[in-house]
Amino acid sequence: MDANNIMPILKKKLAFLSGGKDRRSGLILTIPLCSDQTNLEELSTTLHYLLSIPSERCKARGFTVIVDGRKSQWNIVKTVVLMLQNVIPAEVSLVCVVKPDEFWDKKVTHFCFWKEKDRLGFEVILVSANKLTRYIEPCQLTDEFGGSLEYDHIDWLNKRLVRSSCSALYSSLLSSPALSPTSLLLLFCSPLLFICHELLSELQQRRFNGSEGGGGENSPWCPMEEELLAQPQVLRLLDSLREQYTRYQEARRLRSKRSQLEEVHAKVTQVVQWLEGPGCDQLKTSGAIGDSLRESQDLQHQHELIESQHSEWFAVYVELNQQIAALLSGGEEEEQEELRLLQQQLSDVCYRQANQLEHRQTLLQSAQSFHGSAHELSQQLDGLLGMLCADVVPADGASIQQSLKQLEESLKAVECSLQVLREKGQALLEQVSSQPPLEVEDPPPVQTNDNVHHIHSVLEDMQLRKQRCEDMVDVRRLKMLQMVQLFKCEEDSSQAVEWLGELLEALLKTHLRLGDDAQDTSALIDKHTKFIDVAQSTYDYGRQLLQATVVLCQSLRCATRSSGETLPQLQRVWKQFSMTADERLGRLTMALRFHTAADKVFQEREEELEDVFEELETVGRSLLDRLSIPVVFPDGTEQFFGTPGETASSAEAIRERLLLVEEQRGLRLAEEGGLNREGQELDICGRVQLEAGLDVIGEEANEEEEEEKAGREEEENRATQDG
């Protein structure tokens with residue numbers, strides 16, 4: 001390794017041989033790390049150069065490496081120590097890492113070098129600068145480590161530079177004792193002559209007394225005896241060459257230029273022949289875009305290999321272009337014309353080939369994107385088809401609507417993906433059709449038609465698959481909408497049953513009044529008629545829903561719960577309501593007759609008074625009897641209107657009305673003067689019997705209320721036991 005080539009690196013003093021030795025007579029190699037980031041590549045170059053200086057016998061004693069980490073970070077120190085394993089593992093005996101006063105964090109220095117001794121191949125110790133003398137004598141240490149050894153890095157570099165130049169000169173002279181004038185002219189140049197003069201001056205001044213470095217093996221320069229004897233010969237040879245140098249300099253320049261022209265012409269021919277031959281053939285045979293994503297990726301990998309081969313020739317093209325530009329700056333006009341023709345030919349071929357590679361790269365990227373979208377769309381269509389082929393298990397209307405929403409979203413996603421595929425396919429078709437020819441007269445490649453046919457085939461196939469899925473989605477959508485309607489009908493029919501039950505309950509618990517007079521009772525009858533109309537509408541609505549359910553089930557070919565459960569419930573509740581409504585209407589009708597007869601009594605029509613009294617008594621007793629009778633349903637259950645107390649209240653109102661009528665009758669008889677004792681007794685007996693009958697009705701109502709309460713308690717107990 002020549003010091004001239006790495007002089008900028010050596011000046012950085014990344015590492016140096018101070019001349020000191022350890023207690024085993026091994027050389028000391030110092031690596032002073034700084035606070036800035038250390039360039040490991042330059043450090044490696046410096047170490048390789050320094051290790052080439054000592055002799056093999058000196059290397060055999062081993063090196064002691066001092067890594068000065070006082071101004072650096074731990075991770076850099078650790079990296080440098082590990083690098084020594086790859087650079088000089090066999091020559092290193094000991095590595096002393098000089099640590100700063102404030103030691104690195106223990107977490108940072110958790111990496112234990114002493115445990116890695118077998119793997120590293122050398123021992124590593126962490127030591128302070130003031131304790132370094134435990135391993136190395138102070139006289140062998142430089143002043144930065146508290147030693148007395150003097151070392152001047154600039155002086156050492158100058159001497160190494162002179163020695164390197166001298167060694168090269170001596171090697172050339174000694175290896176070629178009979179050089180021709182042309183060879184000598186090529187061997188030496190003006191800078192080398194200057195270096196030789198400096199070298200001779202240095203040799204004469206120092207007289208090779210070994211004063212530099214003490215003559216040891218680590219001395220930066222120790223010439224051999226043959227080199228000392230060659231000094232007069234070198235001096236005479238240099239004088240002779242100085243005279244011939246000017247004469248042959250022009251001939252060398254012309255010969256070198258012609259050689260460069262021939263070399264450039266040969267390289268240009270070589271590049272053009274390869275690009276127009278094998279390179280062009282590679283591109284001609286690689287025009288396909290693949291039938292799938294995997295094939296496109298494989299073609300992309302093949303294209304990268306082709307690009308790699310072309311890149312090597314393009315690098316040669318760049319180098320040749322620079323050489324031609326340099327030759328054009330100082331050549332003859334005839335030579336310049338020849339160079340321009342070569343440069344133009346080379347540029348045309350390279351740019352045409354680069355354009356082909358770029359178009360091919362863009363085409364393959366578009367093909368991968370197209371096939372990727374086609375693959376994604378195919379997966380979406382498969383998933384949609386799987387949803388369509390799966391049986392629809394009806395749970396409720398909400399789940400069916402959710403499934404329908406998912407189906408619609410999947411179809412919409414397929415439509416979007418197909419649109420993206422169409423756009424990418426159209427762009428790919430344009431790129432395939434606009435492929436530039438490899439040569440001016442070349443027809444479009446045959447693979448272009450195949451690529452166009454493949455792209456159209458993929459688009460048509462995806463369109464057909466999407467159309468089939470759309471048709472199936474339409475059928476499934478209709479079926480799911482029918483299912484939603486079916487569940488809605490079943491739900492509404494159940495709601496109709498519930499409404500009828502609520503109307504029945506309201507009829508039994510709240511429709512209790514019989515009216516205070518004929519007008520009031522007539523108004524109640526009108527309200528009751530409207531109430532029945534509402535119930536009739538609810539029943540008709542439920543029947544229509546159940547009929548629609550049957551039709552939907554036949555269309556869907558599935559069984560329904562409504563025909564087996566809801567219809568009997570609807571009919572049963574309607575039957576109970578009808579019977580209850582008829583009973584209510586019958587009571588209101590009797591109450592209307594009763595109040596109409598009573599009103600006649602109070603209107604004082606004497607000619608009809610006796611008939612009215614008889615009708616009033618008959619209707620009143622019949623109404624009182626009817627109030628105590630429950631409504632008996634077809635299943636044998638019984639229901640009373642309201643509570644027994646409310647029934648007794650209604651009966652009490654009728655009884656009071658009868659008493660008023662009876663008093664009115666007595667007053668009329670007294671006015672006529674036709675009352676006798678027997679008549680009075682009869683009237684009194686009649687009144688007593690009427691009051692006794694009302695008392696019986698009240699007692700029966702109380703008994704029924706107690707029985708109903710006991711029945712409810714028994715049902716609650718049974719429900720508790722079942723739970």
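By class, which residues make up the lining of the largest cavity? There are 4 nonpolar, 3 polar and 2 charged residues, where Ala, Val, Leu, Ile, Met, Phe, Trp, Tyr, Cys and Pro count as nonpolar, Asp, Glu, Lys and Arg as charged, and the others, Gly among them, as polar.

The model is predicted: local features need pLDDT of at least 70 and side-chain atom pairs pLDDT 80 or more, whereas totals for chains, interfaces and linings use all residues. Residues are numbered from 1 along each chain as its sequence is written, and side-chain values use heavy atoms, without hydrogens and water.

A cavity is a set of points on a 1 Å grid over the protein atoms alone where a 1.4 Å probe fits but cannot get out, and lining residues have an atom within 4 Å of a point. Volume is the space filled by probe spheres set on the points, which are joined across faces, edges and corners. The structure contains 6 cavities of 30 Å³ or more, and the largest has a volume of about 80 Å³. Its lining includes His511, Arg584, Arg587 and Phe641. Helices H16 (562–602) and H18 (644–672) each contribute at least two lining residues; helices (H or I, at least four residues) and strands (E, at least two) are DSSP runs, numbered from the N terminus.

Helix H15 (residues 518–556) has 39 residues and spans 57 Å from first to last C-alpha, close to the 57 Å expected, the expected span being 1.5 Å times one less than the number of residues. At its start, a side-chain oxygen of Asp517 comes within 3.3 Å of the backbone nitrogen of Gln519. Arg557, which follows H15, has a positive phi near 55 degrees.

Two residues are compared by accessibility (buried under 20% relative accessible area, exposed over 50%, partly exposed in between; 1.4 Å probe, protein chains only).

| Residue | Relative accessible area | Class |
|---|---|---|
| Thr142 | 5% | buried |
| Glu615 | 34% | partly exposed |

Thr142 lies in the loop between strand E5 (123–127) and H6. Glu615 belongs to helix H17 (residues 609–627), and its C-alpha is 8.0 Å from that of Phe594, 21 residues apart in sequence.

Methods:
On a 1 Å grid over the protein atoms alone, a cavity is a set of points where a 1.4 Å probe fits but cannot get out, and a pocket is an open set with protein on both sides within 12 Å along at least five of seven lines; lining residues have an atom within 4 Å of a point. A polar contact is a pair of N or O atoms within 3.5 Å; within protein, one must be able to donate a hydrogen and the other to accept it, and residues adjacent in sequence count only if both atoms are side-chain atoms.
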